Amino acid sequence: MSTKNMNKLLGFVGSFWTWAEGQYDEAPGDLFKGMKPRVTQRVREEREPFKKEELTAIFNAPIYRGCASTKQWMTKGDLVLRDTGKFWVPLIGLFTEARMGEIIQLRLEDETQSLKTLSSWRKIPVHPILTELGFNDLLKARKAAKAKRLFLDLKRGRDGYWFTGFSRSFSN
């Protein structure tokens with residue numbers, strides 16, 4: 001967990017503890033006072049990049065080589081799910097380094113997006129390997145269907161974030 005996320009969680013727990021102190025005589029003094037680890041590096045530097053073996057495992061999964069069905073995308077079969085976000089989001093992330101939430105909410109027309117920071121806005125060319133794998137075919141199909149979003153199979157999580165549901169299914 002990043003230092004930034006630890007501090008955020010400690011803030012939530014600390015707020016709850018402050019409330020508990022006001023409600024209950026038995027609650028000892030502020031246990032979380034001064035408990036805030038110092039951020040020593042940027043968040044991007046705190047995360048370890050995928051190792052070659054991990055990338056190999058991800059992209060050798062049945063969803064890329066052939067799976068049983070949309071629901072059984074981790075079971076070997078003959079179907080390659082080139083029309084789903086589950087197939088494309090990791091690949092686009094690999095070639096662009098864009099955040100998962102940014103990729104999942106890609107739209108076909110140029111509209112205001114929800115970005116983590118203003119510096120997140122960027123125009124990125126499509127990598128030739130993505131084109132070889134059929135990314136342009138997906139774009140044409142979505143445009144022909146007059147779809148607004150690129151990945152129709154991926155929905156916002158209950159918490160309002162685009163990556164929540166996807167990240168849970170991807171990590172299983």
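Modeller: Begin with burial: buried residues make up 27% of the 172 residues in the protein chain. Keep in mind that this is a predicted model. The accessible surface of the chain comes to about 12700 Å², and 56% of that surface belongs to carbon and sulfur atoms.

Colleague: How many helices and how many strands does the protein chain have?

Modeller: The chain has nine helices and zero strands. Read along the sequence, the pattern is α-α-α-α-α-α-α-α-α. As for contacts with a separation of 6 or more, residues 24 or more positions apart account for 50% of them.

Colleague: How do I read the nonpolar core, and which residues have the most contacts inside the largest one?

Modeller: The general idea is that in soluble globular proteins, nonpolar side chains tend to be buried together. In this model the largest nonpolar core has 24 residues, and those with the most contacts inside it are Ile 63, Trp 88, Val 89, Leu 91, Ile 92, Phe 135 and Phe 151. At least two residues of this core come from each of helix 3 (52–59), helix 4 (62–65), helix 5, helix 6 (100–104) and helix 8. Helix 5 gives the most, with five residues.

Colleague: Now the aromatic rings. How is a pair described?

Modeller: A pair of aromatic rings is described by the distance of the centres and the angle of the planes. The structure holds seven aromatic pairs. In one of these, the rings of Phe 87 and Trp 88 have centres 4.9 Å apart and planes at 75°. Planes over 60 degrees apart count as edge-to-face, so this pair is edge-to-face.

Colleague: Are Phe 87 and Trp 88 buried or exposed?

Modeller: Phe 87 has 1% relative accessibility, so this residue counts as buried. Trp 88 is buried as well, with a relative accessible area of 0%.

Colleague: What is the geometry of the rings of Trp 88 and Phe 135?

Modeller: Their centres are 5.3 Å apart and their planes are at 65°, so this pair is also edge-to-face. Trp 88 lies in helix 5 (residues 85–96) and Phe 135 in helix 8 (residues 135–144), so the pair ties together parts that are 47 residues apart in sequence. Phe 135 is buried, at 7% relative accessible area.

Colleague: Which residues form the aromatic cluster?

Modeller: Phe 59, Tyr 64, Phe 87, Trp 88 and Phe 135 form one aromatic cluster. Leaving aside neighbours within four places in sequence, Trp 88 is in contact with Arg 82, Asp 83, Leu 130, Leu 133, Gly 134, Phe 135, Leu 138 and Phe 151.

Colleague: Where is Pro 90 found?

Modeller: Pro 90 is found in helix 5. With 12% relative accessibility, Pro 90 counts as buried. The C-alpha atoms of Pro 90 and Met 100 are separated by 7.9 Å, and these residues are 10 residues apart along the chain.

Notes: Residues are numbered from 1 along each chain as its sequence is written. This is a predicted model: local features need pLDDT of at least 70, side-chain atom pairs count only at pLDDT 80 or more; totals for chains, interfaces and linings use all residues. Side-chain values use heavy atoms; hydrogens and water are left out. Rings of Phe, Tyr and Trp (its six-membered ring) pair if their centres lie within 6.5 Å; planes under 30 degrees apart count as stacked, over 60 as edge-to-face and the rest as tilted. Buried means under 20% relative accessible area, exposed over 50%, partly exposed in between (1.4 Å probe, protein chains only). Helices (H or I, at least four residues) and strands (E, at least two) are DSSP runs, numbered from the N terminus. A nonpolar core is a set of buried Ala, Val, Leu, Ile, Met, Phe, Trp, Tyr and Cys residues joined through side-chain atoms within 4.5 Å. Contact means heavy atoms within 4.5 Å. Accessible areas come from the Shrake-Rupley method with a 1.4 Å probe; for residues, only the protein chains shown count as cover.
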